[in-house]
Amino acid sequence: MPTVVTSEPIDAAALDSGFARADIEFEGLDHSTASYEGRVFLNKPDADDATQPTDPAYAGSYFIFGHGGCLGDVGHCDVMPRRPFDPRPAHPLTPTRKVVIATDPIRQALAEASELTVTVVPIILSTSPRVGRPDDIIKYEQVRIVTYT
């Protein structure tokens with residue numbers, strides 16, 4: 001089974017309590033391996049691939065269309081930063097950003113706890129023979145809760 005990832009606790013005191021919308025944002029998501037659905041749960045670190053979206057802690061999902069590993073020569077898949085004002089598009093493996101709109105689940109979780117943890121359970125949808133079923137498919141730089149009034 002692929003590794004489930006749980007964030008460090010997020011202090012809810014910093015969030016505006018009168019929000020009209022709340023999102024869970026993932027920055028710097030790696031998408032170089034297999035395609036998967038990232039099922040997101042709040043305050044449920046024991047969630048796994050048997051935990052269904054009908055669970056009260058379920059906040060939503062994001063989907064990654066993975067690249068299935070690197071099939072090019074050495075260095076082909078290394079993401080090189082572009083210079084400022086470089087008009088070329090970013091490297092195809094540049095880490096991505098995903099947003100899960102989770103207003104009601106966040107509101108419910110905040111009513112029950114003073115801090116939040118975000119757990120992502122990968123449901124692998126496809127793999128290539130070269131990649132197999134990676135154990136550490138979920139890699140991101142940052143997860144945060146953003147509220148809007």
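Helices and strands are taken here as DSSP runs, with helices of at least four residues and strands of at least two, numbered from the N terminus. On this basis the predicted model places Phe85 in the loop between S5 and strand S6 (96-101). Most residues other than glycine have a negative phi. Phe85 is also exposed, because its relative accessible area of 85% lies over the 50% cut-off.

A second residue with such a backbone angle is found in another loop. Asn43, which sits between S4 and S5, has a phi near 50 degrees, again a positive value in a residue other than glycine. With a relative accessible area of 31%, Asn43 is partly exposed. The loop between strand S4 (35-42) and strand S5 (58-64) also holds Thr51. Here the relative accessible area is 10%, so Thr51 counts as buried. Beyond the residues up to four places away in sequence, Thr51 touches Arg39, Phe41 and Lys44.

Attention now turns to the sheet. Three strands form an open sheet in the order S6-S3-S9, and their pairing is antiparallel. S6 and S9 stand at the edges with a single partner strand each, so one side of each has no neighbour in the sheet. Direction ignored, neighbouring strands of this sheet are turned by 25 degrees against each other on average. The antiparallel pairing of S3 with S6 runs over 5 bridges, and Glu25 has Val99 in S6 as its bridge partner. Helix H1 packs on this sheet, where it touches S3, S6 and S9, and its direction makes about 100 degrees with that of S3.

The helix itself shows a clear division of its residues. In H1 (residues 103-112), the buried residues are Thr103, Pro105, Ile106 and Ala109. Viewed down the helix axis, these buried residues fall within an arc of 165 degrees, so they line one face of H1. The face turned away from that buried side carries Asp104, Ala111 and Glu112, which are exposed. The cover over the buried residues of H1 includes strand S3 (21-29), S4, S5, S6, strand S7 (115-116) and strand S9 (142-148).

The model has 4 aromatic pairs. In one of them, the ring centres of Phe26 and Tyr140 are 5.5 Å apart and the planes stand at 70 degrees, so the pair is edge-to-face. This pair links distant parts of the chain, as Phe26 is in strand S3 and Tyr140 in the loop between S8 and S9, 114 residues apart. Phe26 is buried, with a relative accessible area of 0%. Phe41 and Tyr58 form another edge-to-face pair, at 5.6 Å centre to centre and with 65 degrees between the planes. Phe41 belongs to strand S4 and Tyr58 to strand S5, so this pair ties together parts that are 17 residues apart in sequence. Phe41 too counts as buried, at 0% relative accessibility.

Ring pairs also join Phe26, Tyr36, Tyr62 and Tyr140 into a cluster.

Technical notes: Residues are numbered from 1 along each chain as its sequence is written. This is a predicted model: local features need pLDDT of at least 70, side-chain atom pairs count only at pLDDT 80 or more; totals for chains, interfaces and linings use all residues. Side-chain values use heavy atoms; hydrogens and water are left out. Buried means under 20% relative accessible area, exposed over 50%, partly exposed in between (1.4 Å probe, protein chains only). Contact means heavy atoms within 4.5 Å. The arc is that of the directions from the helix axis to the C-beta atoms. Two strands pair if DSSP finds at least two bridges between them. Axes are lines fitted to C-alpha atoms, for helices over the stretch in contact, and angles run from 0 to 180 degrees between N-to-C directions. Rings of Phe, Tyr and Trp (its six-membered ring) pair if their centres lie within 6.5 Å; planes under 30 degrees apart count as stacked, over 60 as edge-to-face and the rest as tilted.
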